[in-house]
Each structure stands twice: as structure tokens, then as C-alpha cells.
Amino acid sequence: MRLTEIAYDSARPVEGYGPGYFRIGGQVLEGACLISPWGAGPWGGLEDTSGPLALADRIDVLFVGMGADVAHVPRAFRAALEEAGVGVETMSSPAACRTYNVLLSEGRRVAIALLPV
């Protein structure tokens, strides 16, 4: 079997997560956070569309990690992003982290908004 190391160029993948935190590029973020190829920081949660909408012209899809379990995002949240041309995919936060990292390594236009596990 041949293993190939993944290259992320200047983008920062999710390196790890645990109860209440995410580790991105050696930085630990506590609580909900918004991560894109251009940066990572706190996020106001499902009531906060301003952060994800600020990325609308740079991303095609926003993965929303709903914590330990899968749940639906509020309709208003989804509608605001889709109206701006951003697809919204919900999943558990661990699955969102894995999916983001894979698509990031492929150079896709993605970001993630994560609720802690």
C-alpha cells in the first residue's frame, strides 16, 4: 500500500477536537468556531450568519458541524446562506472536520462552522 502525505498549501486543516474545543494550525479554539482556508476564529452559533455570509464570495459550501449528533440548522440560517449562493451541509462536528480536511486538500472552496462536541 502506498500512502501519500496531504498538502494543504497555506490553508489550515482541523488538527483535532475534544470536549468543547477545536485545534486548528496549532491554535486551540474553545466553543463554536468558524474555519476557512483564510482563518479560524470564534463563531456566534446558529443565530450568527454574518461570519459565514462574509465568506460567500469565496466558498461554495459551508459544512455545519452540529456537535456530537446530526441535527437540522434553523431555516433562516440555511435560507440566508443559500440566498447568497452558498450550499449548506449539516453533519456531526467530527464528520464535518473530516470532510472539510479532505475537500480542503483538494483545493475546494469550503469552510466549516462548528458547534463543540
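Mentor: Let us look at strand 2, whose covered face holds Phe22 and Ile24, while Tyr21 and Arg23 are on the uncovered face. In a regular strand, side chains alternate between the two faces of the sheet. Keep in mind that this is a predicted model.

Next, the surroundings. The sheet is open and has 3 strands in the order 1-2-3, with antiparallel pairing. Its edge strands are strand 1 (14-18) and strand 3 (27-30), each of which pairs on one side only. From one strand to the next, the twist averages 20°. Helix 3 (residues 93-105) packs on this sheet and touches strand 1 and strand 2. The direction of helix 3 makes about 175° with that of strand 1.

Now the pairing on each side. Strand 1 and strand 2 run antiparallel and are joined by 4 bridges. In this pair, Gly16 stands opposite Arg23 of strand 2. The hairpin of strand 1 and strand 2 has 2 residues between the strands, and Gly20 in that hairpin takes a positive phi near 85°.

Tyr21 stands opposite Glu30 in strand 3, and Arg23 stands opposite Val28 in strand 3.

Conventions. Residues numbered from 1 in each chain as written. Predicted model: local features only at pLDDT ≥ 70, side-chain atom pairs only at ≥ 80, totals over all residues. Heavy atoms only, no water. Pairing = 2+ DSSP bridges. Axes fitted to C-alpha atoms, helices over the stretch in contact; angles between N-to-C directions. Contact = heavy atoms within 4.5 Å. Buried < 20%, exposed > 50% of the residue type's maximum accessible area, 1.4 Å probe, protein only.
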